[in-house]
Amino acid sequence: MTTNLPDDSTPWSELPRRLLVAGGAGFIGSAFVRLLLEREPDLQVTVLDKLTYAGNLANLAAVADRPGYRFAEGDICDRELVERLAGEVDCIVNFAAETHVDRSILDPDAFIKTDVYGTFSLLEAARLHHHRRFLQVSTDEVYGDVEPPALSLEDDPPRPRSPYSASKVGAEMQCFAYHATYGVPILVTRGSNTYGPHQYPEKIVPLFVTQALDSLPMPVYGDGGAVRDYLYVDDHARGIATVLARGTAGLAYNLGQGGEPVNGLQVARAVLRLTDRQESLIQHVEDRPGHDRRYALDSSRARALGWAPQLDFETGMERTVAWYRDHRPFWEPIKSGEFAEFYRRNYRPLAGTAPASS
Ligand code: NAD
Ligand code: DAU
């Protein structure tokens, strides 16, 4: 156990000792692995990641020399590879997914393959090796659009409305079926919109921050009134660890910040304030098809396990903007590379303002 770390009520020491973390080179998965190995350096953690456009080994550089850490490049759909790696651990935590709603609208195919078939492949391996735990990282998007003032509870029916959220429901349903049919001890977390350092700059927060830092337009969908519940990435990772350690097999757990809901225009204005840029950078563009107007969670089930978010939106945004300001080598090559083509396809009217391709 490490000392000299700030107080953290997360039950890191109660976790299974050997973990397979699928999708651990992405945004939230890498935060989970970094925190985990900072708190419990003796754990054995194998990251399995395909390194898609969203995966980045630089996200794991801080743990690369830990004795218990191992990286395996590969696809969760590769049954043979997954079964071999799963044979060396006590549990699987599945972050691996295609995750961006706008990409799912343009190209749904990869979402079905990874999010649905890939989860099946991991569940089969967990069943074969009689794992102690299987945690599926899911999303509040499974509830679909939620009318105010309702808050989504875990037993509410899924009402997905995008190819992405439908693929995540498909994954969840298999988890519940594997629990009921084979007794696989699954857990599902449904996190809300997550932001913070190391996020690929396609989601609203890192996109708007990096656009503003370069004095480029921030494309607000429609009237900018759709609201989300923004959760800082380390708080999301701590919530996943808490559910993994203390959750009841077969249940889902909402993980939301639970403060005042924040809409797209408010995100843009927070970014302008923190980057000292002008309102004229806000540009309203055509709305996202099927845009969910509101997500809002009741997270009391996870809170009863001892989890509570530590950072409010203001503080989280200050940290996030500071990180992107200080880490241009993380995002500049992305924005002039893979992201530039996506930006042209997704934001056609703004195509002339795309970051220059390399
Ligand atoms: P991300 O896009 O940053 O990372 C996804 C990771 O999965 C990448 O490292 C990628 O290389 C890997 N991956 C993709 N396909 C793979 C495959 N077939 N095999 C192996 N690895 C593969 O995503 P994120 O934002 O870190 O999200 C992680 C998980 O959390 C996802 O399951 C997502 O649905 C869920 N989630 C995300 C948010 C959010 O706001 N970002 C909120 C709630 C839930
Ligand atoms: O709620 C959890 C989900 O949050 C995760 O499951 C997804 O993986 C993650 O991508 C995220 O989905 P959203 O679609 O809610 O996030 P995104 O950042 O794409 O959009 C957030 C809000 O901002 C939404 O109302 C759309 C708006 N938006 C987004 C982008 C990218 C804009 O106005 N302009 C943009 O350019």
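A: On a 1 Å grid over the protein atoms alone, a cavity is a set of points where a 1.4 Å probe fits but cannot get out; a pocket is an open set with protein on both sides within 12 Å along at least five of seven lines, and lining residues have an atom within 4 Å of a point. Points are joined across faces, edges and corners, and the volume is the space filled by probe spheres set on them.

Q: And what sort of model is this?

A: It's a predicted one, where local features need pLDDT of at least 70 and side-chain atom pairs need pLDDT 80 or more, while totals for chains, interfaces and linings use all residues. Residues count from 1 along each chain as written, chains are lettered from A and ligands numbered from 1 in written order, and side-chain values use heavy atoms, without hydrogens or water.

Q: OK, cavities. How many are there of 30 Å³ or more?

A: The count comes to 3. The second largest cavity holds about 60 Å³ of space.

Q: Who sits nearest the centre of the largest pocket?

A: Glu286, Asp287, Pro289, Asn346 and Arg348, out of 14 lining residues. By class the lining of the largest pocket has 7 nonpolar, 1 polar and 6 charged residues.

Q: Now the ligands. Which residues come nearest to ligand 1?

A: Ile28, Asp49, Thr99, Tyr164 and Lys168, out of 29 around it (a residue is near if one of its heavy atoms lies within 4 Å).

Q: Which parts of the fold does that shell come from?

A: α1 (27-39), β5 (133-139) and α5 (163-182) each supply at least two residues to the shell around ligand 1, and β5 gives the most, 3 residues. By class, that shell has 11 nonpolar, 14 polar and 4 charged residues.

Q: What touches its oxygens?

A: A polar side-chain atom of lysine 168 is 2.7 Å from an oxygen of ligand 1 (a polar contact is a pair of N or O atoms within 3.5 Å). Isoleucine 28 puts a polar backbone atom 2.8 Å from an oxygen of ligand 1. Threonine 52 has a backbone N or O atom 3.0 Å from an oxygen of ligand 1. Taken alone, ligand 1 exposes 840 Å², and the protein buries 96% of that (Shrake-Rupley areas, 1.4 Å probe).

Q: And ligand 2, which residues come nearest there?

A: Asp140, Glu141, Tyr164, Asn193 and Arg288, from 26 around it.

Q: Which side chains reach the oxygens of ligand 2?

A: Aspartate 140 has a polar side-chain atom 2.5 Å from an oxygen of ligand 2. For asparagine 193 the side-chain distance to an oxygen of ligand 2 is 2.6 Å, and arginine 288 also has a polar side-chain atom 2.6 Å from one. Ligand 2 exposes 690 Å² taken alone, and the protein buries 94% of that. Elements giving two or more residues to the shell around ligand 2 are α3, α6 (204-213) and β8 (218-221). By class, the shell around ligand 2 has 12 nonpolar, 7 polar and 7 charged residues.

Q: Last topic, backbone. Where's the cis peptide bond?

A: Between proline 148 and proline 149, with omega about 5°. Proline 149 is in the loop between β5 and α5.

Q: What is phi of histidine 130?

A: Near 50°, a positive value in a residue other than glycine. Histidine 130 lies in the loop between α4 (109-128) and β5.

Conventions: A polar contact is a pair of N or O atoms within 3.5 Å; within protein, one must be able to donate a hydrogen and the other to accept it, and residues adjacent in sequence count only if both atoms are side-chain atoms. Helices (H or I, at least four residues) and strands (E, at least two) are DSSP runs, numbered from the N terminus. Ala, Val, Leu, Ile, Met, Phe, Trp, Tyr, Cys and Pro count as nonpolar, Asp, Glu, Lys and Arg as charged, and the others, Gly among them, as polar.
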